[in-house]
Amino acid sequence: MKLQTKKVFFVGLAFLIICMFWQVYDNVISKMLINTFGLNQTWSGIVMALDNVFALFLLPIFGALSDKTKTKYGKRTPYIFIGTIVAAIFLVGVSLFDNMQMSKLEEANVGYVVTVNNNLKDENNEYHYLLEGKTEEEINDIFDYHYGDYWYQSTLTDEQIDELLGNNIKENVKKYFSFVDISIPEGEFKENYIQNYLSPKDKERFSEIISMTPEERYKLEFSENLGLLDKVLGKEPTIVATRVHQEEIDALNEVLIETLCDIYKEDLGTLKMLLKEVGVRQFFTVKENATQVRGAVAWEYTKGNIGYLIGFLGILLLVLIAMATFRTPAVSLMPDVVIKPLRSKANAIINLMGTVGGIISLLIMSFLAKDYHSYMLLFIIIGLLMIILLVIFLFTVDENKLVEERIAQEKEFAIEEVEEVATENIEEMPKDVRKSFYLIIASIILWFMAYNAATTKFSVYAGDVLNMGYSIPLLVANATALICYIPIGMIASKVGRKKTILAGIIILFTAFFLGSIATESTKVLIYFTMGLAGIGWATINVNSYPMVVEMSKNSNVGKYTGYYYTASMFAQIITPIISGLFMDLCGTMRVLFPYSVFFCVCAFITMSLVKHGDSKPIAVKSVEAFDVDD
């Protein structure tokens, strides 16, 4: 018999919706938490783990509830319908609070600029094109003048001032403080502070700069930086300054620093107070550091205006609950309508659909997910797509009819007669079957700990350790998985699920080993790492879920789907914490891939001990036994 591919395709639309949502959630919500609300890595990580925490409890509950649900639309479809609608609507609400917070930050003139020109001279840098057409002298001028990732802010606490200045005050004042910027306090000091500390000769020398408003001086000083940033953001450069003005501003700043340090060398308290009022400009060579400091600025504002954050988290909570209500029912629908021997092939199509959903989101985000800009349009488009796909699902999937067709196939091929010993509860399983079930669950936890540690931290690892972008390697991983899903399902039907999974673990081990030895000079290995990881992960995913539900009965597929997701979510909750702890203890991110290698080895050991849950051959009726191919 053959698998009805078209039927599984439309059933897989529900999983496509889920994966499309989570791709956006994983990549954008963390940016909102850090960039817009200023949460640090620890707290943003805790918030990002909430979906897995909720899933740990809610997925089994809604899986079991859907098992017992009976409606004219089926037992899974009502959950998919309600959950998708609610999640899509509240997803837009999440972006609304983010947008309001961002607008308030702009109104409050929270001063910062984070550029994206790390190693811009490197031809492999994605923004290298911005230097095309410039002469070598022009490029050198750009990089000689304050050109690098940086953050700029006007208000610091006393503790931050002390930390910046340290012991070598005069040298650090030159490094961090600018006296000709836009962020001059209101009042008399705003107009007169420069003149108060300049000699008549210096006033005459810098008369042109002094006569400008602070805003005009700021635009001149940062013109080239703002010009590059505007290009990166797709805008026209705001202003073009001459080198003469920039040199005058540098010279004026130098004179003011020397004068102030000399005047207040015996009164550091007054000097620090003055510096705190005037403003601070701090430069970073690592973009991650600049982003962290910028987040700290946003957090200072958030603490005084906590309402938007509370609203954001409240709506986000509703979105996560809505997604949890239909995730297990959506996944359980496939085994509801497909007989057991064909579930690996069917699961390959379901996973393929999920990967397509992830790719759709990645492509949309590449155009609309811009840092420090509103994500509202992105979320509206994703929400609309979720509803459109839901409508297609509802018109093409008649759940009750498909279940009846599966029951008829089971009778025709006597599937129940050769079924694995299936029970309502794990405790009722024979001892050897129960042991295999626990080993499969342990294996799921271990390979999720390996894979999710690598993928969760990969965007940071790629930039900080390998000095490369992360989007293309992730697309490579998705592309290789997409290509392999169908062949893997066919292979598993021939050689068995267990052997196929063990091969997938070996492939995943190889991928992470290559990642372990990749350096900035051999970062090409990362493309092989992610390509192989996509293949290995697809090989495991296609077969692991069917092995779990192989031990279920048709009446409790949702419950066993819940067991599967409980194991995977548990791993996804703890692996970012444990891997992060190892990186902090070792002082480097380079332990990331060795960490994943270790858990691949553990997963191989536990999986090799599994004796049950593999696919069973289809029983052949006595008359059909004499059938031969023409």
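Residues are numbered from 1 along each chain as its sequence is written, and side-chain values use heavy atoms, without hydrogens and water. Because the model is predicted, local features need pLDDT of at least 70 and side-chain atom pairs count only at pLDDT 80 or more, while totals for chains, interfaces and linings use all residues.

The mean pLDDT (the predictor's confidence in each residue, from 0 to 100) of the protein chain is 75, and 70% of its residues reach 70 or more. Confidence is highest in helix α19 (residues 376-396), at a mean of 95, and lowest in strand β1 (residues 150-153), at 41. Helices (H or I, at least four residues) and strands (E, at least two) are DSSP runs, numbered from the N terminus. Where pLDDT is low, the predicted coordinates should not be read in detail.

Among the aromatic pairs, Phe62 and Tyr79 are edge-to-face, at 6.3 Å centre to centre and 75° between the planes. Rings of Phe, Tyr and Trp (its six-membered ring) pair if their centres lie within 6.5 Å; planes under 30 degrees apart count as stacked, over 60 as edge-to-face and the rest as tilted. Phe62 lies in helix α4 (residues 50-68) and Tyr79 in helix α5 (residues 77-107), so the pair ties together parts 17 residues apart in sequence. Phe62 is buried, at 17% relative accessibility, and Tyr79 is buried at 18%; buried means under 20% relative accessible area, exposed over 50%, and partly exposed in between (1.4 Å probe, protein chains only).
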